[in-house]
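Subject: Structure handover

Hi,

Here is the structure for your files. My notes on the findings follow below it.

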Amino acid sequence: MATSSSKKLSMTKQNELNTLVDSLIKSSFMKTPTINEQYAQYQEMYSVLERIRKLESELKLKTSNGKPRQANIESFCRWAKEHGCQFDGIKISEFSGFELGLEATRDFSAGEVFVTVPRKLIFSVTADSKIPDIMKDIPVMMVQNLSNLMLALLLIVERFQPNSVWKPYLDVLPDRYSTVLYFTPADMAELKGTSAFVPALNQCKNIARQYGFIKKFIQSKTALLKDNFTYDLYWFLSEDGVRMVNVPNVKIAR
């Protein structure tokens, strides 16, 4: 299970990190009227983030149980069933080039239900969560998708809870995604001339901006994030927003 790091940066390195975060925030708000200027901004921010990641790597945060995802499947399935999840005729398998997915072990009829997930097993930012208290200090202009940001912060908090009920779920999450946040400047340059280029640059800038703001103004205000917030952890868990679905808040009449 992930645990909080006891390793601290030296005062010199902490000051360097603070300066880099200030530089990142400043750069993220610079206006870039042309695509070439946007790409230059991306390159500059990428360079700053690489230095930030190098410094933060010295914190030695442990964010998994050290096992490959495949080794955690059995405990995840057992946990899901124990908490009311029902599934039949399927199993979690590894598919070459696609990592983990669901494999049918029998034929299904059209419209047949093969998975039922109780509401309590839907990872969400609930009304009693402490995350909304953190969010009140983040300006609206910093947030492109409030739900994604709140979910990412909650995932970070749960990663470092010693007895989190979500541990088996967190242990089967991917350790890498094939998205633009993993691109190098050379990779990003390959998108030039496509409709994906500008959205990709904007996504990287928005994630970097959010990280910088939380690092500078939010992290120190809450024990939930104080020792557990790094760029790598934030942008990796923000990627789990691709798994987000809208679940209606149904109230049962009595």
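**The second largest pocket**

α2 (35–56), α8 (197–218) and α9 (231–238) each supply at least two residues of the lining of the second largest pocket. Helices here are DSSP runs (H or I, at least four residues), strands likewise (E, at least two), both numbered from the N terminus. The largest contribution is from α2, with nine residues.

This is a predicted model: local features need pLDDT of at least 70, side-chain atom pairs count only at pLDDT 80 or more, and totals for chains, interfaces and linings use all residues. Residues are numbered from 1 along each chain as its sequence is written, and side-chain values use heavy atoms, with hydrogens and water left out.

The pocket volume is about 820 Å³. A pocket is an open set of points on a 1 Å grid over the protein atoms alone, where a 1.4 Å probe fits, with protein on both sides within 12 Å along at least five of seven lines; lining residues have an atom within 4 Å of a point. Points are joined across faces, edges and corners, and the volume is the space filled by probe spheres set on them.

The lining has 42 residues; Tyr182, Asp232, Leu233, Trp235 and Phe236 lie nearest the centre. It divides into 20 nonpolar, ten polar and twelve charged residues. Nonpolar means Ala, Val, Leu, Ile, Met, Phe, Trp, Tyr, Cys and Pro; charged means Asp, Glu, Lys and Arg; the others, Gly among them, are polar. Domain 1 (11–62 + 123–243) and domain 2 (64–118) both give residues to this lining, so the pocket lies between them. The domain bounds come from an automatic or database assignment.

**Salt bridges**

The structure holds ten salt bridges (a side-chain nitrogen of Lys or Arg within 4 Å of a carboxyl oxygen of Asp or Glu). Glu56 and Lys215 form one, at 3.1 Å, N to O. The pair links distant parts of the chain: Glu56 is in helix α2 and Lys215 in helix α8, 159 residues apart. Glu56 is buried at 5% relative accessible area, and Lys215 is buried at 15%. Buried means under 20%, exposed over 50%, partly exposed in between (1.4 Å probe, protein chains only).

Lys167 bridges to Asp171, with the closest N and O atoms 2.8 Å apart. Lys167 is partly exposed at 27%; Asp171 is buried at 10%.

**Hairpin**

Strands β2 (residues 90–95) and β3 (residues 99–104) pair antiparallel over six bridges; pairing requires at least two DSSP bridges. Three residues separate them in a hairpin, and Gly97 in the turn has a positive phi of about 85°.

Best regards
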